[in-house]
Amino acid sequence: KNVFGDMSTAKDTIPGYKGFYYKQLTVPRDTTSFPKDTSIYINYTGRLLSGKVFDTTNERLAKDSGIWSSSRTYEPVEINWGEEYTDITMGSGSSSVIGGFALTLWQMRAFEKGIGVFTSEYGYGFSGSGKSIPAYSPLIFEIEIVSKPDAED
């Protein structure tokens, strides 16, 4: 079975964003959009079209995919909501995110799970990213909005 199901239907395309597709996997608990300046938490996995995982918050998947790093924590990450999808940032340091990742999040609501598939125009373009994402790579992100992780004592 295909990793992201049938993404070729017109209903999965957002008007005005050619080359970006979103597919909902689980229905959200609430269909209200997040207010700006909200923090949410997500788990995610980034893949190339070949299915090769290049980034994930899932430790088991990272180990199974040969990308595990002892210098990283594998837990939900904080997403800071903005006025527009282009304002979305990740983590306490407010790192910017690629357009396709932000657009995928922008489609989502509370505790929803979905997949964004997009051309390199919304990803890393002609430069790629490191050794794991070649130039002009379309990307797939599976994202799930989850509860805030419990603080460790």
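Trainee: Why is Ser-120 called buried?
Mentor: Its relative accessible area is 13%. Buried means under 20%, so Ser-120 qualifies. Keep in mind that this is a predicted model.

Trainee: Where is Ser-120 found?
Mentor: Ser-120 is in the loop between strand 7 and strand 8.

Trainee: What does Ser-120 touch, leaving aside residues up to four places away in sequence?
Mentor: Gly-125, Tyr-136, Ser-137 and Pro-138. Contact here needs heavy atoms within 4.5 Å.

Trainee: What separates the C-alpha atoms of Ser-120 and Phe-20?
Mentor: A distance of 9.8 Å, although the two residues are 100 apart along the chain.

Trainee: How many aromatic pairs does a search of the whole structure find?
Mentor: Ten.

Trainee: Why is the pair of Phe-20 and Phe-118 called stacked?
Mentor: Take the distance, then the angle. The ring centres are 6.3 Å apart, and the limit for a pair is 6.5 Å. The planes stand at 20 degrees.

Trainee: How do you know whether Phe-20 is buried or exposed?
Mentor: Its relative accessibility is 0%. The cut-off for buried is under 20%, so Phe-20 is buried. Phe-118 has 2% and is buried too.

Trainee: Why is the pair of Phe-101 and Phe-141 called edge-to-face?
Mentor: Their centres are 4.9 Å apart, within the 6.5 Å limit. The planes are at 80 degrees.

Trainee: Which elements does the pair of Phe-101 and Phe-141 tie together?
Mentor: Phe-101 belongs to helix 2, residues 99-106, and Phe-141 to strand 8, residues 139-146. These parts are 40 residues apart in sequence. Phe-101 is buried at 3%, and Phe-141 is buried at 4%.

Trainee: Which residues do ring pairs link into a cluster?
Mentor: Phe-20, Tyr-44, Phe-54, Phe-101, Phe-118, Tyr-122 and Phe-141.

Trainee: What makes helix 2 largely enclosed by the rest of the structure?
Mentor: Six of its eight residues are buried, so the description holds. They are Gly-100, Phe-101, Ala-102, Leu-103, Thr-104 and Leu-105.

Trainee: What covers the buried residues of helix 2?
Mentor: The cover includes strand 1, strand 2, strand 4, strand 5, strand 7 and strand 8.

Trainee: Why is strand 8 called largely enclosed?
Mentor: Because six of the eight residues of strand 8 are buried.

Trainee: How do you know that strand 8 pairs with strand 2?
Mentor: Count the bridges. Eight join strand 2 to strand 8, and a pairing needs at least two. The two strands run antiparallel. Tyr-41 has Val-146 as its bridge partner in strand 8.

Trainee: How many bridges join strand 7 to strand 8?
Mentor: Six, and these strands also run antiparallel. Phe-118 has Leu-139 as its bridge partner in strand 8.

Trainee: What makes the charged end of Arg-29 sit over the ring of Phe-111?
Mentor: The distance to the ring centre is 3.8 Å, against a limit of 6 Å. The charged end must also lie within 35 degrees of the ring normal. Lys-63 likewise sits over the ring of Trp-68, 5.2 Å from its centre.

Notes: Residues numbered from 1 in each chain as written. Predicted model: local features only at pLDDT ≥ 70, side-chain atom pairs only at ≥ 80, totals over all residues. Heavy atoms only, no water. Phe/Tyr/Trp six-rings, centres within 6.5 Å; stacked < 30°, edge-to-face > 60°. Buried < 20%, exposed > 50% of the residue type's maximum accessible area, 1.4 Å probe, protein only. Helix = DSSP H or I, 4+ residues; strand = E, 2+ residues; numbered from the N terminus.
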